[in-house]
Amino acid sequence: MFRRLARKLGFLSASRHQIPKHRSGAPEERQPLSARLDENLKTLRELFGGSIDLTIREFIVGSRPDLRAALVFLSGLVDKGTIDNQILRPLMVESVLAEKEGRLSPAQAPEQMAAGLITACATKQIDTVGAAAHSIVSGETLLLINGSGKALVVDTRGWRSRNVEEPEAEVVVHGPREGFTEDLHINLAQLRRKLRNPDLTIEVVTLGRQTRTDVAIIYLRKVANPKVVEEVRQRLQQLDIDAALASGYIEEYIEDNSFSPFATVANTERPDVVVAKLLEGRVAIAVNGTPFVLTVPMLMVESFQSPDDYYSRPYYATVVRWVRYAGFAMSVLGPPAYVALTTFHQELIPTPLLISMAVAREGTPFPVVLEALIMGLMFEVLREAGIRLPRPVGQAVSIVGALVIGESAVRAGLIAAPMVIVTAATAIASFTVPAQADAAALLRLSFTVLAGAMGAFGIGIGLMGTLIHLASLRSFGTPYLSPLAPLSTEDLKDVLVRAPWWTMLTRPRAIGWHNPWRQQALQRPAPPDRAEKTDEGSGD
Amino acid sequence: MLAPKSRYLACLLLVLLLLPLLGGCWNRRELIDLAVVVGIGLDLADEPGQVLVTAQIVKPAEVYAPGEGAGGAQGPAVWVVSSAGETVFQAVRSLASVSDRELLFSHNQIIVIGRVAAEQGIRPLLDFFLRNYETRRSVWVLVAEGQACDVLEAESELNPIPAIAIMQLVKLQATRSTVAQVTMQDLVARLVSPTAAPVASLVTVFTEGAQKRVCLSGTSVFRDDRLVGRLDETASRGLLWVLGEVRSGIIVISGPGGGKVALEIIGAKSRVIPHLDGGRLTMRLDVAAEGDLGDQMVPKDLSKPEQLALLEKGMAEAIRREIEAALVRARQLGTDIFDFGTAVGRRYPEAWKNWEKRWPELFPSLPVEITVKTRLRQVGLITKPIIPQ
Amino acid sequence: MGLEQGRMSGSQLANLVIGFTIGSALVLMPGQAAKQDAWIAILIGLAEGLAFALIYLALAQRFPGRTLVEISQAVYGPFLGTAISAAFLWFLFHLGSLVLRNFSDYFTITSMPKTPPMAFLALIVWVCIWVTRNGIEVLARCSEVLVPLLLATVALTVALMIPEMDLRNLQPVLATPPGQLLWAAHRSATFPFAETVAFLMVIPFLNNARRAKGAVVRALIIAGLTLALAAARNTAVLGATGAISTYPSYTAVQQIDVLDVITRLEILVDTSLLTMGFIKVAVLLYGTTLGTAQLLGLRSYRPLATPIGTLMAILAILNFDNVAENIAFADLVWPLYALPFQLGIPLLTLVVAMVRGLPRKEA
């Protein structure tokens, strides 16, 4: 439906053809570095447009005035101690010593000579303006020496980054407390620490014409479906975008069906979740600069699984999972059902309840549909305000909202009390499945309109439309409703219930079927006298 | 694929088609535009050939509203309104001339039929209630001793809505089992049967001071669809024993030495077995009842096996008398209120084809063998009566 | 082939057949003419329907991967084949419109009398068109979700109705005159069991052709038992009053009353009609659309879904002026009208194919 609408809008597809592609940057960036230092410095200054954080330190190597050199870096991205101790000191002070000892031969190319002096661990040579600029913006330090057309890049990256903290968007009771940070390398290190297996493969592509963001594709080589990996790689490499500031930018470009309210790419802030998903055979995409890591393919049922399910005992986890299903149903169907019941199917309400509802509705001015839409809108406004405002103010907003809408509106006879209850219950229920909260809000809105027009019949049609849509969705080729449709009975162990770990022998059929066995069978714990071999490690 | 332009048109058409849906007026009814009918009365109107329909409607503003303090209404929170018409449906629609809100029938609790109307036949009166999609078949049907509208105008002390009070009253009769509880579905089941006679609860209005009150006072009996008589409470329970519908109730028998003993019925089963023996049809009726000792006004220790056996015997005797009272009354009225006909038809489908037409003549002379088995279970928290030990 | 890229599994086909067969039958209840023996009539009808289904399966297995339209082209040649295919497609189309009509009648009578039937039809047909355009795979997945839910619903209503049941209402067993019983049985064979002839347009898209037989037979038996159970349930609850009901299942489910709170569960019957009727109409619409596209040699069947669906809805309105005509048609005309399509075409095609030794093996 949405797809058709957008096709009508047309401009989306038009723009794709009209804007010419130029992936490798402006021509001046491919221009080779000059052998003259002054000229190079001038080029770089122009390239950076005189940014104040572009620092250029000119000096003389050792005691040779003929060897004029300059360090170029962006202050703030570099660790100044490294520059002082490992570049400037060797070149300016220790080079004099080396000269005396005769270790420096004048015949050497300047950059080789410098490389021999510098004590920093990571250096490389480059020879174009573009590469030079790229290293500078990456936080590396460029060493230019007069008389050489090559520059030495020294890795001096060092900036203060956020500590690893507990993720705020996904809180668990029993799980690990660490979350991803904005730094890709820290994130990758977290994954490596958890999954100490050489099969863990990390590929990096650079995305964003302007931002040049590193994006990592992460998967387990012997577990992930190579087709999916190839698909991810292709979709990412085909991207020609301006910026990749957050994973959300990329998410929208790599979805199978972009006109769906349902998320078909999962994201998480938790390394443990990513590792679990990698182990199921999924592929993760980490974007530098954002703590949210994407995982694909995503299934509908994933939205209802929480890391806590796997850290607590299976029985209660099963109950909680069903609570989540019910919560989602409630958050989608609450107001529509109320509208349908009160305006079309009064016979379905028990008599005493109907009478007390009639009492409550006496004198309220708006039709129920309108009441539901107003309350729904008010709730969304309150939620948005509560999130965006600083925390103390946000609380004030919530209190005012609750008082004004909950109390006063009812007292003034503007809104019937049952509607407030339904809205509040819906609001709470919608937080049980955060992954699909956006979809739930949209469905709720459209179902409310349908219910107002055709009652339960309208809701039924809406539900069926949703089902058709869900059945037609795919995430990287995997049916979204799997394992329910197409049905894969053995995977219901993690859908209808959360089976105990020792029964979860296989990876999900739709995702990790290349390497189905997760663990040794028959590991059910038994009392010592009956125990056979319970301590066998996991056999892949 | 269609050309983009026509797809666009199709899309637009669909949206246009859906627009009136969003306007939504066909069956949408706001709660505040509805009058919730909780009781309906059916009488004959003064004009000949016309039906008088009385509706009891809830007044939401008068019902005690939660959270609004103890204010609110004195007296009933209902409005009773009547209207006449050529048919039931016409009369119902005519109520709209006095009611400013559309009537909602899906929460109707009781249908009361006036005596005179019931004597004229109830089939024509009930058609509307089965055909209409709002009315339920689980509604209780009662026959009024007098006018149905009087029953609906009566008040109730504990419930602001009298029709709901009457509905609860009917339900509560299960603790006495002296009035047949009949829903529309039960009534219709008997009306479509060629031989079974419909029955319904009987409701009487009496005045207490200035207030009208109602009580349930037995069971009304129909022949075909016309009211022909009533069963008193004893005979009513006799009927219920046969139907296996006795849930609870009190049986009072004479204890040793003349004082009274009350036994509480805690359960009963019955089986009706037609028996054909050489062309002669007899009905065998097995009733099995269980009871507890409820109270005794005899200063004698009854908690001994032989005493209890005596009580059991007395209980069986009492039950048999109740059943016989019902039988006598049914034979007098010539109506098969026990639905023996269906039982015979199921057992002897071939022979039944001959009997079916003659059943009204056959039924009164049908011999019935009654077997009653009783058992007493508990004697309560005291075993001996309050006498010096 | 080529028009449909999707494939489905055996269990998906089974779900489709169950949903299709139960379709509107759960609400309209076949076999009513046999009164308390309705459930027996349904079981006999199931046997007849199974016999028909074996013919369809034999035909489908003889020409794996080909729909009836393609088969008849191969068997009768282009001219006669087109005529027979067109007649068969008309049958699917007409049947679809009849189901749609039942649909709007039901909702008009039971809950929304003031709503114009076109409103119901437009919405349900829209959903069916949507799923048809998405192909057989998506329809199969939908049925995989809906059918188990429906079977659970039927089981739930039976369980909740146990207190209301009086098994004596089922007596006397087999007292219906044999002629009447067999006619009722035949009627329940033509509606709904033998309507599975429509699956001659769907079976070719099975990913494993050998699964077809097991799946269809198993599904028909499950659907037949469900319907027989529902018929027995209705009789046990309603007794003779079921005979005057337009929709016995609806009236029976109305009787449910658990603790005065769980009442008025008719909405479950509404749901079953909505979901199963959806599957039935969607399969018929899909069959008609795909068949028409194959007949006309189009490159895609998808653009046809909207016009054919719209026509189906319009025909649903034009079919009958009132419910009485509909009942008379279902009673007297349908059991005979359906036979040439349900038995005639498949059997004739199978016989001619066998006589002509088709399909010829190329070896």
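**Figure 1. Thr423(A) in helix α17 of chain A.** In this predicted model, Thr423(A) is placed in helix α17, which covers residues 417-430 of chain A. Helices are DSSP runs of H or I with at least four residues, strands are runs of E with at least two, and both are numbered from the N terminus. Thr423(A) has a relative accessible area of 11% and is therefore buried; buried means under 20% relative accessible area, exposed over 50%, and partly exposed in between, with a 1.4 Å probe and protein chains only. With neighbours within four places in sequence set aside, Thr423(A) is in contact with Met375(A) and Phe379(A), where contact means heavy atoms within 4.5 Å.

Residues are numbered from 1 along each chain as its sequence is written, and chains are lettered from A and ligands numbered from 1 in the order in which they are written. In this predicted model, local features need pLDDT of at least 70 and side-chain atom pairs count only at pLDDT 80 or more, while totals for chains, interfaces and linings use all residues; side-chain values use heavy atoms, with hydrogens and water left out.

**Figure 2. Thr201(A) in strand β6 of chain A.** Strand β6 spans residues 200-207 of chain A and includes Thr201(A). The relative accessibility of Thr201(A) is 12%, so this residue counts as buried. The side chains of Thr201(A) and Arg221(A) are joined by a polar contact of 2.9 Å. A polar contact is a pair of N or O atoms within 3.5 Å; within protein, one must be able to donate a hydrogen and the other to accept it, and residues adjacent in sequence count only if both atoms are side-chain atoms. Not counting residues up to four places away in sequence, Thr201(A) touches Arg221(A) along with Ile217(A), Ile218(A) and Tyr219(A).

**Figure 3. Leu238(C) in helix α8 of chain C.** Helix α8 runs over residues 211-238 of chain C, and Leu238(C) belongs to this helix. Leu238(C) is buried because its relative accessible area is 2%. Residues of two chains are touched by Leu238(C), leaving out those up to four places away in sequence: Arg137(B) and Gln185(B) from chain B, and Asn169(C), Pro248(C), Thr251(C), Ala252(C) and Gln255(C) from chain C. Between the C-alpha atoms of Leu238(C) and Met165(C) the distance is 8.0 Å, with 73 residues separating the two in sequence.

**Figure 4. Chain A, the setting of Thr423(A) and Thr201(A).** Chain A contains 18 helices and twelve strands. Its radius of gyration is 30 Å, well over the 24 Å from the globule rule for 540 residues, so chain A is more spread out than a compact globule. The radius is taken over C-alpha atoms, and the rule is 2.2 Å times the number of residues to the power 0.38. Along the principal axes, the C-alpha atoms of chain A fill a box of roughly 105 × 70 × 45 Å. Of the 540 residues in chain A, 48% are buried. For contacts between residues at least 6 apart in sequence, 64% in chain A join residues at least 24 apart.

**Figure 5. Chain B, which supplies Arg137(B) and Gln185(B) to the contacts of Leu238(C).** Eleven helices and 13 strands make up the secondary structure of chain B. Chain B is more spread out than a compact globule, because its radius of gyration of 27 Å is well over the 21 Å that the globule rule gives for 389 residues. The C-alpha trace of chain B spans about 95 × 65 × 60 Å along its principal axes. Buried residues account for 49% of the 389 residues of chain B. Chain B carries 43 positive and 43 negative side chains, with the centres of the two sets 7 Å apart. Lys and Arg count as positive and Asp and Glu as negative, while His and the chain ends are not counted; the place of a charge is NZ of Lys, CZ of Arg, CG of Asp or CD of Glu.

**Figure 6. Chain C, the setting of Leu238(C).** Chain C has 13 helices and two strands. In chain C, 62% of the 363 residues are buried. Among contacts in chain C between residues at least 6 apart in sequence, 85% join residues at least 24 apart. The 22 positive and 18 negative side chains of chain C have centres 13 Å apart.
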